[in-house]
Amino acid sequence: MPRPKIYRRVEFFPDSTYFVPMGVPSCKLEQIDIMMEELEAMRLKDIEGLNQEECAKRMNVSRQTFQNIIDSARKKVAMSLTEGKAIKIGGGNYISARCEFYCDKCKKSYKITKLEDKEVCPVCGTTEVLCTKKIEGCRKWCRGDIKIQEK
């Protein structure tokens, strides 16, 4: 049985998610997709100035995984800038740091660390779970759910 996938923790969601080079018709543009966890890795390391260990801890990944994520992100940005490609930000393997789930049966709130936690309470095993942000009317990023996209 494979090890359960642990999703990267993302704290920041940009207002703008699509960037294009000026003066190039959109029909002639190639697009590079930057995943949310890649953007988060660049934000933590390059903007907040955290060291690799701190970044990895904030994203809930190992240092090696963090290094792989940021290497991929920086390569994509460099390719986009040097080759004149559009950048689209979205998707990936992540959970929102803002979301917390609630079990209606055992009345416990919990953070999700693996995909199964989204559908089954890790405390009591029931399927009566719901994102707490949905209860509050969240519609921006999680839309009442966690945005998860497998590679």
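In helix 2, Gln52, Glu53, Cys55, Ala56 and Met59 meet Arg63, Phe66, Gln67 and Ile69 of helix 3, where meeting means heavy atoms within 4.5 Å and helices are DSSP runs (H or I, at least four residues) numbered from the N terminus, strands being E runs of at least two. By class, that contact has five nonpolar, two polar and two charged residues.

This is a predicted model, so local features need pLDDT of at least 70 and side-chain atom pairs count only at pLDDT 80 or more, while totals for chains, interfaces and linings use all residues. Residues are numbered from 1 along each chain as its sequence is written, and side-chain values use heavy atoms, with hydrogens and water left out.

Here's how the helix pairs pack:

| Pair | Angle | Axes |
|---|---|---|
| Helix 1 and helix 2 | about 140 degrees | 10 Å apart |
| Helix 2 and helix 3 | roughly 95 degrees | within 9 Å |

Helix 2 is therefore roughly perpendicular (65 to 115 degrees) to helix 3. On the helix 1 side, Ala41 and Leu44 are among the residues that meet helix 2, whose partners include Cys55 and Met59. That contact divides into four nonpolar, one polar and five charged residues.

Key
Axes are lines fitted to C-alpha atoms, for helices over the stretch in contact, and angles run from 0 to 180 degrees between N-to-C directions. Ala, Val, Leu, Ile, Met, Phe, Trp, Tyr, Cys and Pro count as nonpolar, Asp, Glu, Lys and Arg as charged, and the others, Gly among them, as polar. Angles under 35 degrees count as roughly parallel, over 145 as roughly antiparallel, 65 to 115 as roughly perpendicular and the rest as oblique.
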